[in-house]
Amino acid sequence: MRAVVLIGAAVFALSFGVAAASGPAPAPTYRTHLWDSDDSVDLAIADFNGDGRNEIATANYNPSSVTVGNGEYRVGGLAYWLEPHDLNDDGRPDLVVEADAESDTHFVAVLLNHGGGSFGPAKDVLDGAGQITVGDVTGDGRPDIVSANGNDVTVVANRGDGTFAPPTTNVAGKTVARAAIGDVNGDGKGDLAVSSPKASMLAILLSNGDGTFQARSDYATGSHPSTPGAGDLNGDGRADVAVPTGDGVTVFLAGADGTLGPRHDYAAGPDRDWIEIRDLNGDGKPDLLLHGTDTKSLSVLLNTGAGTFRPARTYRTWRASLVEAVQDVNGDGSPDVVMLAGYAQVVSVLLNRGDGSFEPKLDYIPALELWGGTVGVGDLNGDKRPELVVPVGNSRNGWTYLSVFVNKPGTCNVQLVGGMTIVAAKHQLARVNCRVGKVKRVFSNWVPKGRVLAQKPLFGSELPGGTRINLVVSKGQWH
């Protein structure tokens with residue numbers, strides 16, 4: 001079976017450190033390389049063998065397997081999602097994998113890291129799985145597994161040795177989205193926040209600490225809520241909840257008894273379906289980052305410190321793009337945004353200026369067509385500069401690879417500057433070590449006067465730093 005191009009929306013986010021800065025460091029530039037893969041559609045980057053260097057783990061759809069380094073492990077189904085977590089407190093990253101069974105249902109399996117980069121056999125821990133969240137809901141510091149499927153959330157609690165308790169299920173709403181985990185009432189246990197898009201409702205389920213939960217409490221949200229985010233927005237030590245909606249974002253501040261306070265709605269652009277709660281400007285207060293997959297825009301709302309937010313600032317993205325990582329990619333200590341645009345077939349990076357505002361996106365073209373819905377971010381060669389990795393393939397023959405963007409400072413990564421003014425094109429090219437060369441002006445009935453209508457070398461070219469890019473600029477319509 002061939003993989004479907006961009007079949008998933010798995011989100012792989014790595015941790016980062018935040019530090020204020022007056023502006024971003026130079027933009028990352030890359031040289032692309034192709035590495036063999038086995039119908040990979042999702043991946044994770046971590047130090048799996050304990051040698052201090054990162055390796056790549058891939059979820060392989062057609063072979064029904066997971067690959068780590070040179071080892072391949074069968075999982076008993078078409079693997080399409082994975083995340084690394086230390087499941088048994090041995091300091092080594094294990095793997096949580098979701099796969100399709102032959103009956104067209106989904107299941108979750110875990111593979112324990114035996115050291116040296118080898119893994120034990122896959123063990124099923126949950127059948128009938130839906131959208132997965134991994135996090136501690138019992139308060140013992142160990143990651144548990146939460147599945148949102150249909151009207152229910154199901155939890156399998158980690159026993160601490162890499163085995164899991166039998167599933168417990170709670171009704172959480174109507175056709176629920178992926179759950180968020182956060183300690184809403186401050187008792188040290190992870191509670192669940194679950195939205196019902198069709199009902200425009202948010203449910204809070206308080207944890208009993210043993211994998212079971214109290215009866216849910218429901219709260220009305222803005223229209224069409226998506227997967228919520230949970231984090232302490234006002235500095236009181238309790239997890240508050242922010243929900244992306246069709247109108248922007250709905251924010252609830254948590255009370256000491258686990259109830260949520262009055263609803264606060266903020267405009268953040270239409271059809272928001274993704275949220276990240278992170279400190280974007282280094283002031284120690286978590287901000288809101290929202291995106292709408294089909295809206296071509298990313299929104300940032302900076303926290304005032306009391307759990308209220310400044311008006312949203314919006315940044316252009318590609319249509320049908322997904323946020324894949326919020327991580328520092330240029331070494332200035334501020335979290336940047338890495339996106340995958342299946343329609344445009346590019347990886348985009350928006351660099352944080354250090355104050356929570358972002359530079360216009362930079363786009364990088366993979367070596368072949370995108371094959372899976374993920375971007376991995378991590379240093380693969382020990383130079384302290386993160387690489388970008390995406391699954392790619394050749395739809396003509398079904399061969400699949402990993403396209404690795406190796407971080408190479410000084411490379412000229414030619415950007416698409418069509419439609420820009422000469423001044424804007426010069427700035428965009430200079431960010432990635434390119435220069436404007438010859439400028440030719442011609443009449444055009446389609447491109448406004450003063451705008452770029454053609455360029456050479458073409459967008460996506462990887463050239464020596466300082467290469468000149470020749471432009472053709474419109475003189476306007478012929479009269």
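Visitor: What is the relative accessible area of R353, and is R353 buried or exposed, or something in between?
Guide: R353 is partly exposed, with a relative accessible area of 25%, where buried means under 20% relative accessible area, exposed means over 50%, and partly exposed lies in between (1.4 Å probe, protein chains only). This is a predicted model, in which local features need pLDDT of at least 70 and side-chain atom pairs count only at pLDDT 80 or more, while totals for chains, interfaces and linings use all residues. Residues are numbered from 1 along each chain as its sequence is written, and side-chain values use heavy atoms, with hydrogens and water left out.

Visitor: Which side chain does R353 meet in a salt bridge?
Guide: R353 meets E359, with 3.6 Å from N to O; a salt bridge here is a side-chain nitrogen of Lys or Arg within 4 Å of a carboxyl oxygen of Asp or Glu. E359 has a relative accessible area of 14% and is therefore buried.

Visitor: How many salt bridges does the structure hold?
Guide: The structure holds 13 salt bridges, and one of them is between R53 and D51, with the closest N and O atoms 3.2 Å apart. R53 counts as exposed because its relative accessibility is 51%, whereas D51, at 33%, counts as partly exposed.

Visitor: Switching to aromatics, how many pairs does a search of the whole structure find?
Guide: The search finds nine aromatic pairs, a pair being rings of Phe, Tyr and Trp (its six-membered ring) with centres within 6.5 Å; planes under 30 degrees apart count as stacked, over 60 as edge-to-face and the rest as tilted. One of the pairs is Y219 with F252, which is tilted because the planes stand at 55 degrees, the centres being 5.8 Å apart. This pair links distant parts of the chain, since Y219 is in strand β19 and F252 in strand β22 (residues 248-252), 33 residues apart. Strands here (E, at least two residues) and helices (H or I, at least four) are DSSP runs, numbered from the N terminus.

Visitor: You mentioned β19; in what order do the strands of its sheet run?
Guide: The open sheet has four strands in the order β16-β17-β18-β19, with antiparallel pairing, and two strands pair if DSSP finds at least two bridges between them. β16 (180-182) and β19 (217-220) are the edge strands, each pairing on one side only. Strand β18 (residues 201-205) pairs with β19 over four bridges, and I204 has S217 in β19 as its bridge partner.

Visitor: Which strands make up the mixed sheet, and what packs on it?
Guide: That open sheet has three strands in the order β37-β40-β38. β37 (435-442) and β38 (452-456) stand at the edges with a single partner strand each, so one side of each is left without a neighbour in the sheet. β38 and strand β40 (residues 468-474) run antiparallel and are joined by four bridges, and the bridge partner of K456 in β40 is N470. Helix α1 (residues 422-431) packs on the sheet, touching β37, β38 and β40, and its direction makes about 155 degrees with that of β37. Contact means heavy atoms within 4.5 Å, and the angle, on a scale from 0 to 180 degrees, is taken between N-to-C directions of axes fitted to C-alpha atoms, for helices over the stretch in contact.
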